[in-house]
Every structure is written in C-alpha cells, then in structure tokens.
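Reader: I have a structure to get through for class. Can you walk me through it?
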Amino acid sequence: PSDAEIEIAYQIIDGRYRDNKTTIISTEKSMQQIASYDSAVHGRLMEMSRNNLLQITRDKDKNYRVQK
C-alpha cells in the first residue's frame, strides 16, 4: 500500500477508535503483514480487538473458484 493509503486507513481506524465504535474488518492480510505496513494501524486494531480476532487460514481446497 502507498503512504497515502496507509494514512487514510489510520485516519478511519483512529477515528472509530476515538469514538469507541464497533469495527469489523475483513482482509486477506495477516496482522503480521499489517504490522509491517504500519505499527500505528496495527496497534489500534490490536487494542480495539481486545484479543477478539478470528483468523482463517487459506485453504485452496475450500475455494470453489479455483476448483475444476
């Protein structure tokens, strides 16, 4: 992601954090990948989640789009 994209993501996440709003995020990125992009975004997400993270690992066998 570009610096501008990271800044926009931070502004959105930080705004929701400050307003104590529920936030649901769906991504194909791991928390480790997010941390490598920006530690502030990662930190806010970890604090907001209060350890309520659901991470589903990739399983190509379950992806009907790539099955023949």
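Predicted model: local features only at pLDDT ≥ 70, side-chain atom pairs only at ≥ 80, totals over all residues.

Reader: What's the handedness of the crossing where H1 passes H3?
Author: That crossing is left-handed.

Reader: Which residues make the contact?
Author: From H1, they are Ile6, Tyr10, Ile13, Asp14, Arg16, Tyr17 and Arg18. H3 contributes Ala40, Val41, Arg44, Leu45, Glu47 and Met48.

Reader: And how many of those are nonpolar, polar or charged?
Author: Eight residues of the contact of H1 with H3 are nonpolar and five are charged, with no polar ones.

Reader: Ok, just H3 now. Which of its residues are buried?
Author: Val41, Arg44, Leu45, Met48 and Ser49 are the buried residues of H3. They span an arc of only 125° around the axis, so they sit on the same side of H3.

Reader: What covers them?
Author: The cover over the buried residues of H3 includes H1 and helix H2, residues 31-37.

Reader: Different topic. Where is asparagine 20?
Author: Asparagine 20 is in the loop between H1 and H2. Its phi is near 55°, which is a positive value in a residue other than glycine.

Reader: Is asparagine 20 buried or exposed, and why?
Author: Asparagine 20 counts as exposed because its relative accessibility is 64%, and the cut-off for exposed is over 50%.

Methods: Residues numbered from 1 in each chain as written. Heavy atoms only, no water. Left-handed = near helix turned anticlockwise from the far one by under 90°. Helix = DSSP H or I, 4+ residues; strand = E, 2+ residues; numbered from the N terminus. Contact = heavy atoms within 4.5 Å. Nonpolar A, V, L, I, M, F, W, Y, C, P; charged D, E, K, R; others polar. Buried < 20%, exposed > 50% of the residue type's maximum accessible area, 1.4 Å probe, protein only. Arc of directions from axis to C-beta.
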